[in-house]
Amino acid sequence: WYTIVKAAGQTVDGGTADVLNITVSAINDTYDGKAHTLVADVDVTDGTTIRYQTSRDGGTTWSSETTTAPSITDVFYLNGAVGAVQVKITATNPNYADATATTAMTLQPKAVTVTPVSQSKTYGEDDPELTARVSGLISGDELVYTVSRETARFSTSTGETDDTDNGENAGTYTIRATAGSNPNYTVDTTATGILTIKPAKVTIAVDSQSKVYGDADPAFTYDADGLAGTDTLTGTVGVQNNAAAKDAGKYILTFNASEADRKNYTFKITNGTYTITKRPVTITADDASMTYGDTSLPTFSYTVEGTMAGSESVETLVESIGTTVTAATAEAGTYPITITLSSADIAKNYDITTQSGTLTVNRKPITVTATSTSKVYGAADPENFAWTTTDSAGETIANPDLDITLARAAGEDAGSY
């Protein structure tokens with residue numbers, strides 16, 4: 001009888017005397033890019049031949065016998081799962097009964113991890129090349145995988161994703177790896193990266209504008225530098241802090257970006273100046289006249305050159321119009337007619353020029369009539385000749401302050417002089 005030494009996983013068939021003993025270990029390793037050779041040993045080496053056969057269908061069919069020890073380098077799959085290459089070993093020696101053993105060679109896929117690399121770009125730019133770091137790959141091997149990003153943007157304000165922008169608006173987008181066919185590896189692609197699209201920087205130069213108080217506002221315009229593609233902005237130019245620019249003065253014009261604008265852009269704004277100039281108005285006192293001795297001054301008036309804004313009235317600007325004399329003190333001659341402006345609030349919005357007029361006091365036309373008198377021939381003339389004064393209407397003027405001297409024609413003979 002004989003003793004048969006069996007290796008784990010093998011079956012040995014022997015004869016009834018002087019049987020060869022085969023020692024062999026099954027291969028059950030992890031893929032490492034190297035050949036794993038299955039070598040059988042026998043207890044009698046002189047004159048012994050060892051032959052190998054392999055089966056890749058679970059032992060149904062076998063390869064031809066060969067003295068070359070079989071090896072396994074890549075993971076073997078059977079029916080879609082990791083399988084074992086069956087090995088049959090036969091040892092022969094003329095002096096011994098033949099011995100056989102069966103075992104298997106199995107390689108498990110090696111675990112590798114693919115981690116997408118986070119990237120960033122500025123809105124409007126093309127996506128950078130998406131890459132990943134691979135850990136656990138055997139040197140010299142290539143791993144088949146693709147890296148892509150999602151087009152749904154995560155909103156930190158709402159906690160939701162937005163897929164309406166096709167992945168081009170500023171925000172963060174998940175980068176994922178997808179494994180291809182890699183028989184020797186188990187690929188872990190659960191790790192993700194982030195593509196951050198940063199808002200683009202736009203420089204806004206607001207154009208300065210001006211108008212005359214009371215005129216319609218001009219169009220407020222600006223120049224934008226840095227917009228992507230055919231983008232346009234929906235924001236508007238207005239007075240800073242929404243102040244009401246109604247009175248004459250200087251105001252700051254700035255660009256007010258809309259919510260849609262701020263979605264993809266940050267702004268550097270150079271403000272403009274909005275100048276409202278005072279509205280020019282010239283108020284000229286009309287010339288007037290009166291006659292010396294009139295009991296009242298004439299009614300003074302003025303003429304306006306230029307227009308008032310809206311429903312505002314020039315009367316609001318004029319406090320009074322008058323001259324330097326009264327009817328009682330006005331003597332024949334000329335006097336200025338001047339305009340005194342009011343302190344009305346709207347006056348600050350007008351550039352007002354006043355021009356004086358002239359009051360002409362004309363001499364009063366009167367008729368002086370010497371009073372007839374008489375004397376006797378040889379007598380002296382009356383001491384004072386009398387006279388009366390009447391105006392143009394024939395009304396007698398009592399006690400006029402006139403410097404008049406009466407004299408008669410020469411002659412002493414009886415008669416009229």
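Which residue of strand 9 stands opposite Ile 50? The residue is Ala 91, and the views below set this pairing beside other parts of the predicted model.

Because the model is predicted, local features need pLDDT of at least 70 and side-chain atom pairs count only at pLDDT 80 or more, whereas totals for chains, interfaces and linings use all residues. Residues are numbered from 1 along each chain as its sequence is written, and side-chain values use heavy atoms, with hydrogens and water left out.

**View 1. The whole chain.** The chain has one helix and 35 strands, where helices (H or I, at least four residues) and strands (E, at least two) are DSSP runs numbered from the N terminus. Its radius of gyration is 62 Å, well over the 22 Å that the globule rule gives for 417 residues, so the chain is more spread out than a compact globule; the radius is taken over C-alpha atoms, and the rule is 2.2 Å times the number of residues to the power 0.38. Along the principal axes, the C-alpha atoms fill a box of roughly 215 × 30 × 25 Å. Buried residues make up 31% of the 417 residues, buried meaning under 20% relative accessible area, exposed over 50% and partly exposed in between (1.4 Å probe, protein chains only).

View 2. Strand 5 and strand 9 (residues 85–93) run antiparallel and are joined by seven bridges.

View 3. Thr 106 has its place in strand 10 (residues 96–108) and is buried, with a relative accessible area of 11%. With neighbours within four places in sequence left aside, the contacts of Thr 106 (heavy atoms within 4.5 Å) are Ile 27, Asn 28, Asp 29, Val 82, Gly 83 and Ala 84.

**View 4. The open sheet in the order 21-26-24-23**. This sheet consists of four strands with mixed pairing, and its edge strands are strand 21 (209–212) and strand 23 (236–239). Strand 23 runs antiparallel to strand 24 (residues 249–256), with four bridges between them, and Val 237 stands opposite Phe 255 in strand 24.

**View 5. An aromatic cluster.** Ring pairs link Phe 255 with Tyr 123, Tyr 222, Tyr 265 and Phe 267 into a cluster. Rings of Phe, Tyr and Trp (its six-membered ring) pair if their centres lie within 6.5 Å, with planes under 30 degrees apart counted as stacked, over 60 as edge-to-face and the rest as tilted. A search of the whole structure finds seven aromatic pairs. The rings of Tyr 265 and Phe 267 have centres 6.4 Å apart and planes at 45°, so this pair is tilted. Tyr 265 is buried at 5% relative accessible area, while Phe 267, at 24%, counts as partly exposed.

**View 6. Charges over ring faces.** Lys 88 lies over the face of Trp 62, at 4.7 Å from the ring centre, and Arg 408 lies over the face of Tyr 417, at 5.4 Å from the ring centre. A charge sits over a ring if NZ of Lys or CZ of Arg is within 6 Å of the ring centre and within 35 degrees of the ring normal.

Technical notes: Two strands pair if DSSP finds at least two bridges between them.
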